[in-house]
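The sequence and structure are shown first.

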Amino acid sequence: MIRQSDWQHDSQYMAIVADLLIKPEVCKLKDITQHINSNRLDHSIMVSYKSYVLGKKMHLDYKAMARAGLLHDLFYYDWRTTKFNEGSHAYVHPRIALDNAKKITKLSKKEADIIVKHMWGATVAPPKYIESAIVSFVDDQCAIVEASIPFFKTKYAKLKFKFSGVS
Ligand SMILES: [Fe+2]
Ligand SMILES: [Fe+2]
């Protein structure tokens, strides 16, 4: 199991993404809420790091998975209030993230595909690479965990309260 802080102690992972983690465009994701109680930077790092670990185990292009995973949600609008004529949030935000990512680093074709196809399932176009499909699955898994942890924490706190004899 990968813990929230494991990535900070993984020097090989850090060497791959260090130049991106200091970019102001990436740092400001910290100020944006993602999946209820997480912020977009923490979410992006978890998608990046879990994809990197899986990519290494599966002998895939783990560098592309780490870098593109970190940049997959590089957008700043509030999807709850901002709507686009071009399509749904699921369709639009990967394209905005790709444009933003291109402004701060050079992307390989695979990294670009990972970013633009990360909503595969909610969008139609299939990934061109196995790495893109895996990052998309990791993104889904991270979203479920991030959205459900606050729920379970609240449930646990209520149960603890109930059985502490106070209720
Ligand atoms: Fe996304
Ligand atoms: Fe995401």
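From the N terminus on, the elements of the protein chain follow the order α-α-β-β-α-α-α-α-α. The chain has 7 helices and 2 strands, where helices (H or I, at least four residues) and strands (E, at least two) are DSSP runs numbered from the N terminus. The model is predicted: local features need pLDDT of at least 70, side-chain atom pairs count only at pLDDT 80 or more, and totals for chains, interfaces and linings use all residues. Residues are numbered from 1 along each chain as its sequence is written, chains are lettered from A and ligands numbered from 1 in the order in which they are written, and side-chain values use heavy atoms, with hydrogens and water left out.

Of the 167 residues of the protein chain, 46% count as buried; buried means under 20% relative accessible area, exposed over 50%, and partly exposed in between (1.4 Å probe, protein chains only). Among contacts in the chain with a separation of 6 or more, 61% come from residues 24 or more positions apart, a contact being heavy atoms within 4.5 Å.

**Metal sites**

Two iron ions are treated here in turn. The iron ion (ligand 1) is coordinated by Asp-73 (OD), His-93 (NE2) and His-118 (NE2), at 2.0 to 2.1 Å. Along the chain these donors follow the spacing D-x19-H-x24-H. Donors are N, O and S atoms within 2.8 Å of the metal (3.2 Å for Na, K and Ca); water is not among the atoms, so sites may look incomplete.

The iron ion (ligand 2) has His-43 (NE2), His-72 (NE2), Asp-73 (OD) and Asp-139 (OD) as its protein donors, lying 2.1 to 2.2 Å from it. The spacing of its donor residues in sequence is H-x28-H-D-x65-D. The angles among its 4 donor atoms run from 83 to 175 degrees, and the site is irregular. Four donors count as tetrahedral if all angles lie between 85 and 135 degrees; four count as square planar and six as octahedral if opposite donors are over 155 degrees apart and all others between 65 and 115; anything else is irregular.

Which residue coordinates both iron ions? Asp-73 does, and the two ions are 3.5 Å apart. Asp-73 is buried, with a relative accessible area of 3%. His-72 also counts as buried, at 0% relative accessibility, and His-118 is buried with a relative accessible area of 0%.

**Helix packing**

Helix H1 (residues 11-21) packs against helix H3 (residues 40-57) and also crosses H4. Axes are lines fitted to C-alpha atoms, for helices over the stretch in contact, and angles run from 0 to 180 degrees between N-to-C directions. A crossing is left-handed if the near helix is turned anticlockwise from the far one by less than a right angle, and right-handed if clockwise.

| Helix pair | Axis separation | Angle | Handedness |
|---|---|---|---|
| H1 and H3 | 11 Å apart | about 145 degrees | right-handed |
| H1 and H4 | within 10 Å | roughly 35 degrees | right-handed |

In the crossing of H1 and H3, which is right-handed, the contact is made by Gln-12, Tyr-13, Ile-16, Val-17 and Leu-21 of H1 and by Ile-45, Ser-48, Tyr-49, Tyr-52 and Lys-56 of H3. By class, this contact has 7 nonpolar, 2 polar and 1 charged residues; Ala, Val, Leu, Ile, Met, Phe, Trp, Tyr, Cys and Pro count as nonpolar, Asp, Glu, Lys and Arg as charged, and the others, Gly among them, as polar.

H1 passes H4 in a right-handed crossing, to which H1 contributes residues including Asp-19 and Leu-20, and H4 residues including Tyr-62, Lys-63 and Ala-66. The contact of H1 with H4 has 9 nonpolar, 1 polar and 3 charged residues.

Because 8 of the 10 residues of H4 are buried, H4 is largely enclosed by the rest of the structure; Arg-67 is one of the buried residues. H6 is likewise largely enclosed, because 7 of its 8 residues are buried, including Lys-110, Glu-111 and Asp-113.

Tyr-91 lies in helix H5 and is partly exposed, with a relative accessible area of 37%. Leaving aside neighbours within four places in sequence, Tyr-91 is in contact with Glu-86 and Thr-123. Tyr-91 and Thr-123 are 32 residues apart in sequence and 6.2 Å apart in space, C-alpha to C-alpha.
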